[in-house]
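Keep the 3D view open and turn it as you read.

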Amino acid sequence: MKSLRLISGLLAALCVIASAVSCSRNSSEELLAQKPLPLHHLPDGHFRNTDTSVAPIRDTMEADSLVPTYRTKMYRLPIVRGNENLWEDSSASTATWIGHATYYIKLKDFGILADPIFSDRASPVQFLFGPKRGTPPGRDLDSLPRVDLVLISHDHYDHLDRGSIKDIHKKWPHCIYAVPLKIAEILENWGIPKSQILELDWWEEATVQKVHLTFVPAHHTSRRGAFASSRNSTLWGGWIIEFGEKKLWFAGDIAMGDGSYYKAIAQKFAPIDVSFLPIGSYKPSRYTRVHVSPRQAAQLHLLVNSRQSLAMHWGTFSMVYDRLEDPPKDLARARKELGIPDSSFRAPQFGEIVPLFP
Ligand SMILES: [Zn+2]
């Protein structure tokens, strides 16, 4: 009887402790729930641009983007070779345009791949549909000296490519992946270990070996799925890469919005040593609701006081209605009008190895 009383007493005590634990958990959950969400987070877990009231193009653009893919054959540009010795030189820093928004950035002996797409199509179904690339990748994945870090700007198929991520993981199994909020799960499903993925919100920071990263805002969208619910269900943005005293900005895929996101980036980081800025997919002008024109890219170059800017997001996939020659021509015109020296904001050729911090 005595022992029974003892057991029931112990059980009662355990219940009190358990309820205290659940109570403290509840109160911390309540506290978290009370904490206001950042403006770009919606209560249903989706994200939004907060810098302007202009709605992004939605279904029109997604339907449109299937239309001009037959022009792929016209999207064929030369691939260049040269400067390979800089890849072998561990004291040299370089950027190599692979195509579209894919840059291979070598900071001395540290290798970064930004928005890698080496596949034939920007599509979930490679053999079936989706924009097909005209020019093959400027460099093969196998030819790159080393990849320590992959940066992803957002989940659109032309920036986050399953085949490329899987190939990178196979070749460099210890590579780290820095991604926007809610994209880690996609990579985990492709076999990337959780421990190798850094998932960041706007203005969050992380250090990966020799570089310090800040995930910065961008005016854009996301969508990766047939259902409308996948629209803006993962975050988008750009990356500031600090390497010693040097600062690089990989802008990702961006529209100007009201410009306040980029003013904030300039305030915190200008002058930027190297900016990677998109210059394609802006015609007709309704597409500047999700992309920047070359002129706007040139304005951003000035805004962040960029010492060296390199163009991207053009000449690879026929996605909207720019003609192949439009982006570099319009960039040249903008440089002239805005008084930017030609050498400060170049559109490198496919495969070109550009020395950084000259
Ligand atoms: Zn995009």
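Before we start on the helices, here is what an axis is: a line fitted to C-alpha atoms, for helices over the stretch in contact, with angles running from 0 to 180 degrees between N-to-C directions. Keep in mind, too, that this is a predicted model.

Now find helix α8, at residues 326–338, and look at how it meets α7: the two axes come within 8 Å and cross at roughly 45 degrees. Angles under 35 degrees count as roughly parallel and 65 to 115 as roughly perpendicular, and α7 and α8 are therefore oblique to each other. Their crossing is right-handed.

Who does the touching? On the α7 side you'll find Pro 294, Arg 295, Ala 298 and Leu 302, while α8 brings Pro 327, Asp 330, Leu 331, Ala 334, Arg 335 and Leu 338. Sorted by class, this contact has 7 nonpolar residues, 3 charged ones and no polar ones.

| Strand pair | Sense | Bridges | Residues standing opposite |
|---|---|---|---|
| β7 and β8 (residues 211–216) | antiparallel | 4 bridges | Val 208 and Val 211 |
| β12 (residues 308–312) and β13 | parallel | 2 bridges | Leu 310 and Arg 346 |

Zoom in on the hairpin of β7 and β8. How many residues lie between the strands? There are 2, and in this hairpin Gln 209 takes a positive phi near 50 degrees.

One last stop: Lys 268, which you'll find in helix α6, residues 260–269. Is Lys 268 buried, exposed or partly exposed? A residue is buried with 20 or more other C-beta atoms within 10 Å of its own, and exposed with 12 or fewer. Lys 268 has 13 within 10 Å, so Lys 268 is partly exposed.

Conventions:
Residues numbered from 1 in each chain as written. Predicted model: local features only at pLDDT ≥ 70, side-chain atom pairs only at ≥ 80, totals over all residues. Pairing = 2+ DSSP bridges. Parallel < 35°, antiparallel > 145°, perpendicular 65-115°, else oblique. Left-handed = near helix turned anticlockwise from the far one by under 90°. Contact = placed C-beta atoms within 7 Å. Nonpolar A, V, L, I, M, F, W, Y, C, P; charged D, E, K, R; others polar.
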